[in-house]
Amino acid sequence: MPGTDPSDRSFSAVTEQEALDFHAGARPGKLEITPTKPMATQRDLSLAYSPGVAVPVKAIAEDPSRAFDYTARGNMVAVISNGTAILGLGNLGALASKPVMEGKAVLFKRFADVDSIDLEVSTEDVDEFVNCVRFLGPSFGGINLEDIKAPDCFIIEQRLREVMDIPVFHDDQHGTAIIAVAGLINALHLTGRDLKTTKLVCNGAGAAAIACIELLKAMGFEPSNVTLCDTKGVIHKGRTDGMNQWKSAHAIETEARTLADAIKGADVVLGLSVKGSLTDEMIRSMAKNPIIFAMANPDPEITPEDVARLRDDAIMATGRSDYPNQVNNVLGFPYIFRGALDVRATTINDAMKIAAANALADLAREDVPDDVAAAYQGVRPRFGPHYIIPVPFDPRLISAIPVAVARAAMDSGVAQRPILNLDAYAQELSARRDPIASTLQRLYERVRRQPRRVVFAEGEEEQVMRAAVSYVNQRLGTACLIGREEQVRETARLAGIDLDRPGIELVNARVSDRVEAYTDYLYQRLQRKGFLHRDCLRLINTDRNHLGACMVALGDADAMVTGTTRNYSTALEDILRCIDMRPGHRAIGVSLALCRGRTVFVADTAVIDMPDAEQLADIAEEAAGLARRLGYEPRVAMLAYSTFGNPTGERAERVREAVRILDKRRVDFEYDGEMAADVALSARAMEQYPFCRLSGTANVLVMPAVHSASISTKMLQELGGSTVIGPLLVGLSKSIQIVSMGAKDSDIVNMAAIAAYNAAN
């Protein structure tokens with residue numbers, strides 16, 4: 001699958017031990033099963049199992065289509081492989097394919113909210129494989145075949161499609177074809193070419209290559225203009241060596257016998273073969289404004305650098321994430337299945353594949369929204385030779401591709417449950433996205449384009465070292481580990497962490513030539529607060545937070561992350577000795593809580609114990625500003641135990657006064673209160689108050705006190721299954737983040753990336 005091979009360059013930045021640790025952990029693997037109905041009472045159990053479960057059983061027995069109404073079948077895809085062609089690794093067997101299949105299932109959930117389960121079938125016998133899968137059909141709404149060698153994959157998919165009434169889709173074939181064709185549509189448009197007259201050569205005759213040319217022909221490519229090549233040369237009529245029925249279907253009348261012969265004067269070359277198979281001479285011999293899709297992984301048939309050296313009129317795409325125009329299957333399969341499942345399609349036909357390709361091509365031509373532009377260092381990408389395919393984290397994919405697929409399924413007669421209002425369907429799809437994950441990804445992409453020097457204050461801790469290494473490996477910038485060098489290196493040696501790499505720096509105040517500057521800076525700030533010069537020198541020499549914060553204050557680093565070994569308030573006290581608040585701002589902590597795709601900012605979760613009305617208004621402004629910087633339009637609810645005066649009380653009055661203060665300030669975001677949490681978060685509860693000024697449910701919750709904020713977020717995390725990030729520290733003049741004590745390395749990396757992102761902004 002182009003773009004997802006673990007041996008590509010992006011993977012090479014990850015060590016083997018990091019990959020193993022990621023897949024191990026307290027809960028090995030990448031998947032778990034979570035119930036969607038409450039299981040808290042005896043009545044819940046009676047409804048979920050006996051005797052209540054008998055009712056839907058009987059209903060489904062009477063009408064099998066009701067399984068989509070009463071079970072998870074309609075949102076469940078099986079990812080199935082026998083491990084005979086594991087991406088980039090070959091035939092390693094069914095069990096070895098499980099990490100890949102789990103990963104595919106995770107991508108289904110992450111990008112399109114499709115539930116998925118991986119099934120590894122331990123047989124290379126086509127008949128056994130087909131019989132195994134066909135009898136599992138009632139369990140699923142769709143079948144995604146993966147990593148099955150050719151030609152078995154052709155036979156298996158065709159036979160399963162004949163005997164099953166749900167979509168069966170071999171992604172290695174069709175996913176690659178759909179994304180490649182989407183890019184090709186736009187490349188043809190940019191070069192002024194027409195499908196029917198374009199001369200195309202495809203090097204490689206495996207599953208993906210044949211799927212590509214079949215889809216192109218279905219879209220209108222003239223068959224005689226499409227030349228397929230394999231390791232033995234051109235597939236032409238009359239050839240017998242190395243042929244099979246799938247190759248023979250695309251044999252043409254031609255005098256060309258080698259790839260070099262075929263490529264002379266060609267407009268397009270698709271590479272689905274091996275590194276180095278496209279030579280300089282071949283590229284020079286192509287037509288004006290050539291289109292070159294070199295999609296071999298981990299190394300393309302020819303690199304964009306080599307093509308640029310040879311000619312300046314080419315449009316390039318690869319399967320690599322570190323080059324423009326990545327042909328990445330994740331742009332396709334989650335959304336294609338999403339649309340197919342939602343109309344209960346019986347198959348994924350050519351019309352649906354073409355619709356997906358056209359929708360992707362159209363999306364690349366549209367103006368890019370701010371949250372995608374953020375991943376391009378603030379430079380908004382525009383449709384052109386270096387942007388012909390959308391990027392995987394484009395939030396519009398979820399509402400564009402499934403709608404096109406669903407419409408095509410209905411128009412072609414394979415939809416069993418038509419969708420009457422596709423506009424409303426598009427809005428429902430947008431609500432399924434996971435905003436926090438995409439936000440973090442956008443932050444990471446932005447930082448990669450503006451790498452930042454980040455201080456990891458507690459550099460002697462193992463998880464901090466791992467976080468620093470990960471930060472550097474992900475090309476986010478330079479990591480400065482504060483600590484005693486001997487202690488750091490000994491801990492690293494015992495933990496098997498390699499710190500001897502570019503981008504990792506060890507900082508020890510006792511050997512730094514900047515100690516005097518840091519001490520003088522700190523003394524100037526603290527001399528009227530009871531500190532002598534020697535006190536400040538001691539703080540710089542012995543306290544990592546003070547040293548790190550002074551490095552940031554004096555511009556020797558861009559940002560800092562700390563907190564692993566100290567509680568939040570202690571770390572914040574250290575930092576505030578060194579760093580001022582931004583003029584007109586207040587330091588607060590804001591936590592991001594995500595539950596079932598819904599993101600809520602909760603403030604203040606860390607700093608102000610019992611805020612008065614003025615402070616509550618300040619907290620609302622700071623939290624709303626953070627939400628907006630991260631791509632959300634704030635709707636702020638000022639929370640209390642009461643709702644609009646019922647019941648009354650002194651603490652609720654503070655919240656009402658804060659609302660009046662915001663009225664006077666004429667802030668530019670929605671807010672209202674006081675209100676209880678259920679009113680703020682439930683559209684139905686909010687309907688009881690038609691005068692409420694919020695246009696929808698709140699996404700920023702201002703808590704009446706830090707204890708209620710802290711309690712609520714921790715309860716959400718432990719009981720509600722929410723993901724909570726933060727609290728994020730906002731309001732300071734420099735970018736510093738504090739993690740919770742004992743934070744995992746992944747948490748530290750996320751907070752370091754957030755700190756770096758804030759420094760860049």
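How much area do domain 1 and domain 2 bury between them, and what share of it is on carbon and sulfur atoms?

Modeller: Before the answer, a word on the basis: this is a predicted model, in which local features need pLDDT of at least 70 and side-chain atom pairs count only at pLDDT 80 or more, while totals for chains, interfaces and linings use all residues. Residues are numbered from 1 along each chain as its sequence is written, and side-chain values use heavy atoms, with hydrogens and water left out.

Domain 1 and domain 2 bury about 1,900 Å² between them, and 66% of that area is on carbon and sulfur atoms; buried area here is the accessible area, taken with a 1.4 Å probe, that two parts lose on being put together, summed over both. To place these two parts, the protein chain is divided into domain 1 (46-166), domain 2 (174-412), domain 3 (441-578) and domain 4 (588-731), with bounds that come from an automatic or database domain assignment. The centres of domain 1 and domain 2, taken over C-alpha atoms, are separated by 27 Å. Where the two touch, 29 residues of domain 1 are in contact with 21 residues of domain 2, contact meaning heavy atoms within 4.5 Å.

Among the links across this interface is one salt bridge, a term that stands for a side-chain nitrogen of Lys or Arg within 4 Å of a carboxyl oxygen of Asp or Glu. Side chains of opposite charge can pair when their charged atoms come close. A salt bridge joins the side chains of Arg344 and Asp69, at 3.0 Å from N to O. Arg344 is found in the loop between helix 15 (333-342) and helix 16 (350-365), where helices (H or I, at least four residues) and strands (E, at least two) are DSSP runs, numbered from the N terminus. Although Arg344 is not a glycine, it has a positive phi of about 50°.

The rule also finds, across the interface of domain 1 and domain 2, six residue pairs in polar contact, with both residues at pLDDT 80 or more; a polar contact is a pair of N or O atoms within 3.5 Å, of which, within protein, one must be able to donate a hydrogen and the other to accept it, and residues adjacent in sequence count only if both atoms are side-chain atoms. On the side of domain 1 that touches domain 2, at least two residues each are supplied by helix 5 (67-70), strand 1 (76-81), helix 6 (98-112), strand 3 (142-145) and helix 8 (152-163). Helix 6 gives the largest share of that side, six residues. By class, the side of domain 1 that touches domain 2 has 16 nonpolar, six polar and seven charged residues, with Ala, Val, Leu, Ile, Met, Phe, Trp, Tyr, Cys and Pro counted as nonpolar, Asp, Glu, Lys and Arg as charged, and the others, Gly among them, as polar.

A search of the whole structure finds 54 salt bridges, and one of the salt bridges is between the side chains of Asp171 and Lys104, at 3.0 Å from N to O. Asp171 lies in helix 9 (residues 171-191) and Lys104 in helix 6, so this pair ties together parts that are 67 residues apart in sequence. In the loop between helix 6 and strand 2 (115-120) lies Asp113, which has a positive phi of about 55° although it is not a glycine.
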